[in-house]
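Visitor: I would like to learn how to read contacts and helix packing in a model. Could you take me through this one?

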Amino acid sequence: MDTLTRMRAFIAVVENEGFSAAARKTGRSKALLSKYVRELEDELGVLLVNRTTRQIALTAAGEVYHARASALLAELDHLNEDAREATGEARGKIRISAARTFGDAELGRCLVDFAAAHPAISLDIHLDDNFVDLLNEGFDVAVRMTRLGDSAMIARKLAELSFRLCASPTLIERVGTPKHPSELAGLPAVIDTNSRMLSNWGFRDPADGSPIAISVSGQFLANSPVAVREAVRAGLGFSVIPEFVVRDDLASGRLVSVLEPFMPQEAGIYAVFPHRRHLPTRVRLFVDFLAAWFRRNHCDGNETKAA
């Protein structure tokens, strides 16, 4: 047990890049952490950390030991967690990253429904339209709305995600309805700066599926689909917006959808997590719940590699 305590102290110091930061993170004193690391080095008979007044640096032995010790302790933690959860209800905390728009829209109801169904599991939800590094920032799972590429992440598709190219009726009346994406190059655009497309919008030729890339420009740029929708409502330009954000506006006629045959359909809503081998029971339960929730409310998905 003393060795495990010393190992955890060493890992905390390395991952927080110093004794002071590790002390703040763990709630233990800097002197105690220093004592544990020194005792670990004495036990091993090797120097793990080179210390200066301002920073630390791992020795070659420290690099190797940190990598192996981190994996070993992670395995131990997962073993303990699985043993506890096998004897009763899943419990603990899940740190979740999701787009702000997702949390604010009706789709965010799935998070509330999960919390109501599983009172022993606490949800720490961070809403941010920027993608986060799940491993480095300590998140268990992310709900992402995107087109996926290759990655070490694992993803479970929860639902299809449709985008609409929208404009206000007043703008359509003023500039006309575009019949081909190429016409957008000469028309005002409202740009979502969180979108991977930015000002280079992608479409598909309905005849053969070939990609069509169009460069657009406009006076209004925002990092939120909701803010973009408001600008489009005001007639500031055309914009590509998630369908669930503008569903009510399209139904009421406040916005008009154009060029629908040219809109690509590869995007989806995904639950993304770092790995599958050691997925905690509570996270697996959460992902399964989301998949069932979206089957009831939208459509089914599948598991794949994530972006």
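Visitor: Which residues is Lys93 in contact with, leaving aside its neighbours within four places in sequence?

Guide: This is a predicted model. Here Lys93 is in contact with Ser122, Asp124, Asp140 and Arg282, once neighbours within four places in sequence are set aside.

Visitor: Where is the place of Lys93?

Guide: Lys93 sits in strand E3, residues 92-98.

Visitor: How many residues apart in sequence are Lys93 and Ser122, and what is their distance in space?

Guide: Lys93 and Ser122 are 29 residues apart in sequence. In space, C-alpha to C-alpha, Lys93 and Ser122 are 4.7 Å apart.

Visitor: What does Lys93 count as in terms of accessibility?

Guide: Buried means under 20% relative accessible area, and exposed means over 50%. Lys93 has 46%, so Lys93 counts as partly exposed.

Visitor: Now Thr59. Is Thr59 buried or exposed?

Guide: Apply that cut-off again. Thr59 has a relative accessible area of 13%, so Thr59 is buried. Thr59 is found in the loop between strand E2 (56-58) and helix H4 (60-86).

Visitor: What does Thr59 touch?

Guide: Not counting residues up to four places away in sequence, Thr59 touches Leu47, Leu48, Val49 and Asn50. Look also at the side chain of Thr59: one of its polar atoms lies 3.0 Å from the backbone nitrogen of Gly62.

Visitor: On to helices. How are two packed helices described?

Guide: By the angle between their axes and the distance between the axes. Take helix H2 (residues 19-26) and helix H3 (residues 30-44): their axes come within 8 Å and cross at roughly 110°. H2 and H3 are therefore roughly perpendicular to each other. Their crossing, H2 with H3, is right-handed.

Visitor: Which residues make the contact of H2 and H3?

Guide: From H2, Phe19, Ser20, Ala22, Ala23 and Thr26. From H3, Lys30, Leu33, Ser34 and Val37. By class, the contact of H2 with H3 has five nonpolar, three polar and one charged residues.

Visitor: At what angle do helix H8 and helix H9 pack?

Guide: Helix H8 (residues 225-233) and helix H9 (residues 243-252) pack at about 30°, and their axes are 10 Å apart. H8 and H9 are therefore roughly parallel to each other. The crossing of H8 and H9 is right-handed.

Visitor: Which residues make the contact of H8 and H9?

Guide: H8 supplies Pro225, Arg229 and Arg233, while H9 supplies Val245, Val246 and Asp249. The contact of H8 with H9 divides into three nonpolar, no polar and three charged residues.

Definitions and conventions. Residues are numbered from 1 along each chain as its sequence is written. This is a predicted model: local features need pLDDT of at least 70, side-chain atom pairs count only at pLDDT 80 or more; totals for chains, interfaces and linings use all residues. Side-chain values use heavy atoms; hydrogens and water are left out. Axes are lines fitted to C-alpha atoms, for helices over the stretch in contact, and angles run from 0 to 180 degrees between N-to-C directions. Helices (H or I, at least four residues) and strands (E, at least two) are DSSP runs, numbered from the N terminus. Angles under 35 degrees count as roughly parallel, over 145 as roughly antiparallel, 65 to 115 as roughly perpendicular and the rest as oblique. A crossing is left-handed if the near helix is turned anticlockwise from the far one by less than a right angle, and right-handed if clockwise. Contact means heavy atoms within 4.5 Å. Ala, Val, Leu, Ile, Met, Phe, Trp, Tyr, Cys and Pro count as nonpolar, Asp, Glu, Lys and Arg as charged, and the others, Gly among them, as polar. Buried means under 20% relative accessible area, exposed over 50%, partly exposed in between (1.4 Å probe, protein chains only). A polar contact is a pair of N or O atoms within 3.5 Å; within protein, one must be able to donate a hydrogen and the other to accept it, and residues adjacent in sequence count only if both atoms are side-chain atoms.
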